[in-house]
Amino acid sequence: MSVNIEVEQYKIRSEPYYHSQSNEIALYEAAYAARLPVMLKGPTGCGKSRFVEYMAWKIGKPLITVACNEDMTASDLIGRFLLDKDGTRWQDGPLTLAARVGAICYLDEIVEARKDTTVVIHPLTDYRRTLPLDRKGELIAAHPDFQLVISYNPGYQSLMKDLKQSTKQRFTALEFDYADAHTETLIVAREAGVDAGVAAKLVDIAHRARALKGHGLEEGISTRLLVYAGNLMAQGIDAQDACRMALVRPITDDADIRSTLDHAIDLVFA
Ligand SMILES: Nc1ncnc2c1ncn2[C@@H]1O[C@H](COP(=O)(O)OP(=O)(O)OP(=O)(O)O)[C@@H](O)[C@H]1O
Ligand SMILES: [Mg+2]
């Protein structure tokens, strides 16, 4: 399959719904224009991935997303030789493909990946803009349109798993958080198809839960979970049941916290 055909599938055809929180769209556009690498920081489910999809659509470049995990090696990103009936054949990994064709490459949860993985992005993210394929003996000069974006949940990382300064300092960074109550209400209403009054109640519950972060809750209720609760309600599920299932049970196993949150739900939806 030629690279051009392959990359077609990474183009985003219709406008993703994204509600901006601040001036992040203009900041990202400037970073892209200068071809600076961008790091998106923020808690789970606050809109980082949606933002990259939206920006890739707006700028009109293909987006190649890689969900990183602890088993991921540098070869998973760069590529490897495969054995087939005619012998060996090189297959580009997603990072190499993005660098060749000029895509935006989004490495989601980069800290999860092994240390050797972060090193391969170094020459791509400084003035060199190159990617050495050591095994293949090839040095790729990144396509002028190529950009690297990584996401990073501060807070969740142990000291052992933090990114090195030499990696961090190759990126510009945008800090994300859950949107303000008004904006989050609009997002939840639109994404879940519930009316604004219901969405506002879901956001109210989220605010009560977020206040418990660090006091028995590791993380507050994300926008993603609010959308889930709305999705269940749009299916005809009773509000309290939907909230217990989507907002409370996923985030805690602690009986006290659970009953505190269940109580908040009963109050809000009484
Ligand atoms: N600003 C926003 N505009 C539109 N939808 C949003 C926005 N913020 C959050 N959402 C909704 O929340 C959901 C979760 O957002 P997203 O997947 O982008 O989170 P994330 O920050 O990438 O989380 P993770 O770190 O877990 O990958 C989206 O699918 C969307 O429904
Ligand atoms: Mg994401």
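This text walks through the largest pocket of a predicted model and the ligand in it. Local features need pLDDT of at least 70, side-chain atom pairs count only at pLDDT 80 or more, and totals for chains, interfaces and linings use all residues. Residues are numbered from 1 along each chain as its sequence is written, chains are lettered from A and ligands numbered from 1 in the order in which they are written, and side-chain values use heavy atoms, with hydrogens and water left out.

Start with the space itself. A pocket is an open set of points on a 1 Å grid over the protein atoms alone, where a 1.4 Å probe fits, with protein on both sides within 12 Å along at least five of seven lines. The largest pocket holds about 480 Å³ of space. Its lining has 25 residues, each with an atom within 4 Å of a point. G45, C46, G47, K48 and R50 lie nearest the centre. Nine lining residues are nonpolar, nine polar and seven charged. α11 gives the largest share of the lining, five residues.

Now turn to the ligand. Ligand 1 sits in the largest pocket, meaning that more than half of its atoms lie within 2 Å of the pocket's grid points. Around ligand 1 are 17 residues, each with a heavy atom within 4 Å. T44, G45, K48, S49 and E191 are the closest. Helices α3 (48-59), α9 (181-192) and α11 (223-234) each supply at least two residues of this shell.

Polar contacts (N or O pairs within 3.5 Å) come next. An oxygen atom of ligand 1 lies 2.5 Å from an N or O atom in the side chain of T44. A polar backbone atom of G45 is 2.7 Å from an oxygen atom of ligand 1.

Note on methods: Polar contact = N/O pair within 3.5 Å; in protein donor to acceptor, adjacent residues only side chain to side chain. Helix = DSSP H or I, 4+ residues; strand = E, 2+ residues; numbered from the N terminus. Points joined across faces, edges and corners; volume = space filled by probe spheres on them. Nonpolar A, V, L, I, M, F, W, Y, C, P; charged D, E, K, R; others polar.
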